Amino acid sequence: MSTLTTSFLPSLEKENSLFVYTRRRRRGHSKKSQSIVPVARLFGPSIFEASKLKVLFLGVDEKKHPAKLPRTYTLTHSDITCKLTLAVSQTINNSQLEGWYNRLQRDEVVAEWKKVKGKMSLHVHCHISGDHFLLDFVARLRYYIFCKELPVVLKAFVHGDGNLLKNYPELEEALVWVYFHSNIQEFNKVDCWGPLKEASSLSSSTTNSSSSELGEIQMDNTSNCNLDLPQPCQGSCTCCFPSTRKI
C-alpha cells in the first residue's frame, strides 16, 4: 500500500513511497532558501504482488469455517522493505500496530469475518483521520488512497488466506462492507463493495483521476448493493457470530 502521510525527513525517501521530495526555489530567494516540497505519487495503477506479501497464521485453523472460529485480518505495509504483512488470527494482531511510526501513519487495514442472521460478510476497517492533526490535514487524500488501494488489500486477503477460500468457496460471494473511520463527517461512512470475488478484482484504473479532481472524489468502483448494513440480533442466537466485535 502507499504511504498515507508525508515523511518530514528527505533521507527517508523510498522508491515505492507515496511521496517523493523535490527542491523548489522561491522567487527572489537564494539557493539557501530552497524549500523541500512533497510530491504525491497518486495516479499510477495499484498492483498486487504476491512475492511482497508475508502471511502469519496465529491461532487459526484453515479447516474451520469463520462462522465457527473468529477470523480477522491485520494488514500493514513497510516503507523500509516495501512489503506487506498479513496476520490471520482470531483478534487484531496488535504487535503489528505498535511503534510511533505506525501510530503516525495509521495506514493499516483490519478486517473480520462475521455471520449476521445466517449470512457471511467481510467487514473491512480503514482509519482516515483523527488521533492527530496531520491525518486531519490530509483526510481527503487518505480517503482517495484507501479507496484506490482497497482492491489490492482484498487481493492480499484472498491470496493470503487462499486455503480457507478453497475449502469454502462460497465465501467469495460474501459481501464486503468497508468502514471509513474519520472525525470528518464527509469521510466517516460505511460502503458496500459487493461480493468479495468482484471487489478484489476491481481495477484501480477506475479510481484514477487527475489532481484537479481530488476536490470532488467519487468512487465509481463501489458496488451499488442497495442494501443496508446487516445488524446482528439483539439477544443470544445461533444465526450471528461472533457474538462480540473483534475490531
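Visitor: Which residues touch the most other members of the largest nonpolar core?
Guide: In this predicted model, the largest nonpolar core has 39 residues, and those that touch the most other members are Tyr73, Trp113, Leu122, Val124, Phe157 and Phe180.

Visitor: And which strands and helices supply at least two residues of this core each?
Guide: Among the strands they are E4 (72-77), E5 (84-89), E6 (109-116), E7 (119-127) and E8 (175-181), while the helices are H3 (139-160), H4 (162-167) and H5 (196-199). The largest share comes from H3, with 10 residues.

Visitor: What does valine 124 touch, leaving out residues up to four places away in sequence?
Guide: Valine 124 touches Val109, Val110 and Ala111, then Leu150, Leu154 and Phe157, and also Val176, Trp177, Val178 and Tyr179.

Visitor: Switching topic, what pLDDT does the protein chain average?
Guide: The average is 78, and 70% of the residues score at least 70. Over residues 5-24, however, the pLDDT is below 50, although the model gives this stretch 54 contacts beyond near neighbours in sequence. Residues 205-224 also stay under 50, and for them the model has 34 contacts beyond four places in sequence.

Visitor: Okay, where is threonine 91 found?
Guide: Threonine 91 lies in the loop between E5 and helix H1 (100-105).

How values were computed:
Residues are numbered from 1 along each chain as its sequence is written. This is a predicted model: local features need pLDDT of at least 70, side-chain atom pairs count only at pLDDT 80 or more; totals for chains, interfaces and linings use all residues. Side-chain values use heavy atoms; hydrogens and water are left out. A nonpolar core is a set of buried Ala, Val, Leu, Ile, Met, Phe, Trp, Tyr and Cys residues joined through side-chain atoms within 4.5 Å. Buried means under 20% relative accessible area, exposed over 50%, partly exposed in between (1.4 Å probe, protein chains only). Helices (H or I, at least four residues) and strands (E, at least two) are DSSP runs, numbered from the N terminus. Contact means heavy atoms within 4.5 Å. pLDDT is the predictor's confidence in each residue, from 0 to 100.
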